[in-house]
Amino acid sequence: MVMNRFRAYYDDGIVIEYKNNRFIIDPLGKPSGFFNAVLITHGHRDHVNPRALRNVSPVIMSDETAIIIRARDDENLRHITISPGSSLIINNVLIESFNAGHVIGSLSYVLDFGDLRVGITGDFNVEPSILLDGAKGLNVDVLIMEATYGDPDYVFPSKHEVYNELRAVVEDGIRDGVVLLMGQPLGRGQELTALLKDYPLYVEPSIKVINNALGLRYGAVISGFPPTGSVIIMGVPKDITRLSRALRSRYGRARIVALSGMYAKRYRVIWLSQIGVDAMPLSSHSDFPGLIDFVLNSRAKLVYTVYGNATKFAKYLRNELGIIARPLPGSNQLTMDYFLW
């Protein structure tokens with residue numbers, strides 16, 4: 001099959017060009033040149049720069065993502081609202097949106113040009129969480145997908161297992177000390193709050209601002225040292241060693257747990273254990289088997305990988321599964337090889 005006048009590349013954001021259309025997804029700078037629309041997949045700062053989108057139109061995102069940006073960044077961006085399962089038409093291009101299962105408000109998109117369907121996952125997770133359904137495969141010709149954990153070493157336990165382990169840690173830790181849970185403010189912050197809402201919660205202000213805006217009004221804002229028996233939810237500090245020493249000096253006993261998919265790799269867990277910090281692979285991304293499952297369910301004829309282990313994952317798809325796959329090129333790496341398949 002030959003795709004005439006189709007290009008997909010990364011240029012401070014994902015750019016898709018087909019015939020006379022040009023879409024930009026998750027730009028980190030102000031989009032330049034002609035574009036039909038700017039699509040925002042979710043609110044993480046490595047996917048959206050609100051200041052760069054001032055006076056840019058049309059911008060398409062979920063209401064939840066707009067709420068997060070307004071609460072966290074004090075930016076009230078003009079946008080067209082789209083939600084999972086809905087669609088809209090811009091310049092005769094059908095834009096379909098789907099749940100991405102990554103963080104609250106996260107979306108995947110399909111651009112249907114009539115003779116070509118292009119899917120863009122953004123960050124996604126196929127496994128459901130306490131807050132979100134899992135993402136499903138996209139029925140597309142071309143799939144542009146994240147590959148953050150596109151390394152076979154990244155295999156996560158089920159969320160159900162991690163949730164049970166976390167509850168056990170909390171029950172043990174609050175008997176005669178405190179429990180500190182560390183993870184990304186957007187994503188882990190809401191997931192942990194929902195999971196542990198029945199415990200005495202103290203939440204970092206940057207997380208509490210987002211939680212309140214999204215209606216998760218559990219726990220109090222942490223100020224100083226909370227009482228013994230508390231659960232603290234916060235982002236990852238610059239100096240974990242210093243913080244752990246301060247907590248143990250104050251309480252005598254503190255269970256400290258870092259939460260990220262990167263802790264599926266044992267050497268990272270061992271490093272933290274040496275400073276008295278536990279680690280669990282709780283992630284808002286799909287693990288390696290989840291990425292494979294998504295690709296196979298999408299039945300795309302061509303896969304572009306982006307972010308994280310993009311090169312390794314594309315190689316695996318080619319060599320092990322016989323799928324035409326390539327890392328998404330930069331704007332200065334384009335060749336005719338990327339236009340013909």
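Visitor: How far apart are the end C-alpha atoms of helix α5 in this model?
Guide: In this predicted model, helix α5 runs over residues 240-251 and so holds twelve residues. At 1.5 Å a residue, a helix of twelve residues should span 16 Å, and this agrees with the distance between its end C-alpha atoms, which is 16 Å.

Visitor: Within what arc do the buried residues of α5 fall, seen down its axis?
Guide: The residues of α5 that are buried include I240, S244, L247 and Y251, whereas R242, R245, S249 and R250 are exposed on the other side of the helix. In an α-helix there are 3.6 residues a turn, so residues three or four places apart point the same way. The buried residues of α5 line one face of the helix, because the arc within which they fall is 65°.

Visitor: What covers the buried residues of α5?
Guide: The buried residues in question are I240, S244, L247 and Y251. Among the elements that cover them are β12 (178-182), β16 and α6.

Visitor: What is the distance between the end C-alpha atoms of helix α2?
Guide: Helix α2 takes in residues 159-173, which makes 15 residues.

Visitor: Which elements cover the buried residues of α2?
Guide: In α2, the buried residues are K159, V162, Y163, L166, V169, V170 and G173. Seen down the helix axis they fall within an arc of 125°, so they line one face of α2. What covers these residues includes β12, α3, β15 (231-234), β16 and β17.

Visitor: Which helix gives the most to the lining of the largest pocket?
Guide: The largest pocket has a volume of about 640 Å³, and of the 31 residues that line it, the closest to its centre are H44, G183, Q184, P185 and R188. The lining divides into 14 nonpolar, eleven polar and six charged residues. At least two residues of this lining come from each of α4 (205-213), β16 (254-259) and α6 (266-273), and the element that gives the most, with three residues, is α6.

Visitor: Which helix gives the most to the lining of the largest cavity?
Guide: The count comes to one cavity of 30 Å³ or more, and about 110 Å³ of space lies in the largest cavity. Of the 16 residues that line this cavity, the closest to its centre are H102, S129, L132, G187 and E191. Its lining divides into four nonpolar, eight polar and four charged residues, and the helix that gives the most to it, with three residues, is α3 (188-195).

Visitor: Is S284 buried or exposed?
Guide: S284 has its place in the loop between β17 (278-280) and α7 (288-298). Leaving aside neighbours within four places in sequence, S284 is in contact with G101, H102, V103, F124, N125 and R188. Since buried means under 20% relative accessible area, and the value for S284 is 5%, this residue is buried.

Visitor: How far apart in space are R22 and G33, C-alpha to C-alpha?
Guide: R22 lies in strand β3, which covers residues 21-25, and is buried, with a relative accessible area of 15%. Not counting residues up to four places away in sequence, R22 touches Y9, V15, I16, E17, S32, G33, F34, F35, N36 and A37. R22 and G33 are eleven residues apart in sequence, and their C-alpha atoms are apart in space by 9.4 Å.

Notes:
Residues numbered from 1 in each chain as written. Predicted model: local features only at pLDDT ≥ 70, side-chain atom pairs only at ≥ 80, totals over all residues. Heavy atoms only, no water. 1 Å grid on protein atoms, 1.4 Å probe; cavity = no way out; pocket = protein on both sides within 12 Å on 5 of 7 lines; lining within 4 Å. Points joined across faces, edges and corners; volume = space filled by probe spheres on them. Helix = DSSP H or I, 4+ residues; strand = E, 2+ residues; numbered from the N terminus. Nonpolar A, V, L, I, M, F, W, Y, C, P; charged D, E, K, R; others polar. Expected span 1.5 Å × (residues − 1). Buried < 20%, exposed > 50% of the residue type's maximum accessible area, 1.4 Å probe, protein only. Arc of directions from axis to C-beta. Contact = heavy atoms within 4.5 Å.
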